[in-house]
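Here is a short briefing on one structure.

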Amino acid sequence: MVNFKTQVTIIGGGPSGLLLSQLLMNEGIDTIVLEKHSKSHVLSRIRAGVLESGTVEILKQAGVGERIDIDGFVHEGTYLSSENKGFRVSFSETVGKSVTIFGQTEVTKDLYQKQEEREANIFFQVKNVNIIDPKCSKTEVIFEDEIGKEIKIVSDFVVGCDGFHGVSRQRIPLNQRKEYERIYPFGWLGILSETPPVSDELIYANTCDGFALCSMRNNNLSRYYLQCDVNTKAEDYSDDYFWKELIKRLPENSKDNLRTGPSIEKSIAPLRSFVVEPLQYGNLFLVGDAAHIVPPTGAKGLNLAVSDVHYLSEGLIAFYRGEGDKKLFNYSKTALNRIWKAVRFSWWMTTLMHEFPGTKEFDRKIKISELEYLSHSSFAQAHFAENYVGIPL
Ligand code: APR
Ligand code: PHB
């Protein structure tokens with residue numbers, strides 16, 4: 001067996017793992033990243049890209065902010081609609097902030113480039129990753145590399161950035177962790193089309209037929225979503241059905257702007273809310289989707305992962321600077337405080353904007369009333385905006 005030593009072993013080469021490795025390496029802290037798939041597989045994932053202003057700042061700290069400034073779309077508000085009546089919530093006029101639309105895949109691509117420039121130690125296509133004993137002062141991680149060679153890494157800390165289906169969270173004994181979950185009784189049918197976006201900002205729509213979202217990647221690449229039955233498959237839905245259903249759910253003043261075209265990607269995503277506590281077990285820490293999942297309605301997934309990385313990197317950097325371990329061992333409490341606020345908002349927005357099976361007429365009237373209140377109340381809009389642009393770090 002080949003042995004390596006490092007300071008921080010990072011399991012997962014998605015946005016969380018790469019950003020953490022980059023921030024730590026910028027401070028001279030040694031890392032090794034273990035990624036289950038190939039780099040091209042990781043970069044093939046289509047993911048949302050609504051970046052909170054705090055996220056943009058942290059990405060710039062890591063040195064990946066250039067393209068965001070050049071290619072990102074700054075949005076100072078968003079449209080919502082109820083029963084085809086649209087209204088706008090201004091982020092800039094309510095909370096003086098904005099968000100930036102910049103694909104997550106592009107963020108991950110830039111992080112890989114920066115990590116390669118730093119000659120980061122990244123193992124791709126690893127198998128059988130096993131965290132030996134997180135309670136041991138020098139924690140061991142054993143895995144097989146892409147040619148099946150068994151490798152052992154000994155490090156001070158191990159960080160699980162391996163997503164919802166990774167191995168890290170499972171390494172915390174069941175009697176030492178508590179999991180909180182809500183699974184929503186619907187999914188999102190999403191398509192990409194090489195068509196100009198229907199609107200200059202996003203549109204979140206609720207009708208009695210269900211939810212729809214209009215988003216974009218660039219001026220000729222649009223991303224649309226329809227609430228759908230989670231027990232169906234993407235191939236069950238023709239493009240023709242998608243466009244007809246989307247038009248039905250759009251606000252009146254947007255229907256004529258919609259440019260349809262063939263879908264170049266079509267998929268269904270389930271919706272769930274999930275949080276595990278705590279985010280630390282001995283020298284093992286959990287970050288990003290390994291620790292929590294939010295329904296995509298509030299576009300919090302990547303932003304929460306970045307704030308976890310921010311808090312944990314601050315703790316690790318303080319530790320290695322000899323400033324003690326207080327910030328590091330407070331990571332779980334600090335991160336969970338912000339995580340639960342984002343989980344709440346994502347749950348609230350999902351519940352407000354979707355139609356639940358078996359909804360009674362009374363519930364429908366309450367929903368319409370709440371959206372009517374949001375459309376007219378500056379206070380309600382400030383609450384929405386404060387959470388959507390991101391609670392301060
Ligand atoms: N060993 C090594 N790598 C693993 C393992 C494992 N056992 N299991 C999973 N991975 C890798 C996955 O291949 C993936 O590249 O860990 C990475 C986890 O990345 P993400 O799932 O993207 O999670 P994260 O980096 O926390 O980013 C969160 O991504 O899923 C979106 O909506 C989410 O936007 C949010 C962001
Ligand atoms: C997307 O562009 O994919 C997107 C945007 C906003 C969301 C979810 C997804 O809330």
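A polar contact here is a pair of N or O atoms within 3.5 Å. By that cut-off, Arg 217 makes one with ligand 2: a polar side-chain atom of Arg 217 lies 2.8 Å from an oxygen atom of the ligand. The model is predicted.

- How much of ligand 2 does the protein bury? Taken alone, the ligand exposes 280 Å², and the protein buries 99% of that.

**Ligand 2: the shell**

- The shell has 13 residues, and the closest are Tyr 204, Ser 215, Arg 217, Tyr 225 and Pro 296.
- Two elements give two or more residues each: strand 14 (210–218) and strand 15 (221–228).
- Strand 14 gives the most, with three residues.
- By class, nine shell residues are nonpolar, two are polar and two are charged.

- Eight strands form an open sheet with mixed pairing, in the order 6-5-13-14-15-12-16-19.
- Its edges are strand 6 (85–90) and strand 19 (292–293), each of which pairs on one side only.
- Strand 5 (residues 77–82) and strand 6 run antiparallel and are joined by six bridges.
- Within that pair, Tyr 79 stands opposite Arg 88 in strand 6.

**Helices across the sheet**

- Which strands does helix 12 (residues 361–376) lie across? They are strand 5, strand 6 and strand 13 (203–207), and the helix runs at about 150° to strand 13.
- Helix 13 (residues 378–388) also lies across strand 5, strand 6 and strand 13. Its direction is about 65° to strand 6.

**Helix 11 against helix 12**

- Helix 11 (residues 331–353) packs on helix 12 at an angle of about 115°. Their axes are 9 Å apart.
- From helix 11, the contact residues are Trp 348, Thr 351, Leu 352 and Met 353.
- They meet Lys 367, Glu 370, Leu 371 and Leu 374 in helix 12.
- By class, this contact has five nonpolar, one polar and two charged residues.

How values were computed. Residues numbered from 1 in each chain as written. Chains lettered and ligands numbered in written order. Predicted model: local features only at pLDDT ≥ 70, side-chain atom pairs only at ≥ 80, totals over all residues. Heavy atoms only, no water. Pairing = 2+ DSSP bridges. Helix = DSSP H or I, 4+ residues; strand = E, 2+ residues; numbered from the N terminus. Contact = heavy atoms within 4.5 Å. Axes fitted to C-alpha atoms, helices over the stretch in contact; angles between N-to-C directions. Near = heavy atom within 4 Å. Polar contact = N/O pair within 3.5 Å; in protein donor to acceptor, adjacent residues only side chain to side chain. Areas by Shrake-Rupley, 256 points an atom, 1.4 Å probe, with all protein chains shown as cover. Nonpolar A, V, L, I, M, F, W, Y, C, P; charged D, E, K, R; others polar.
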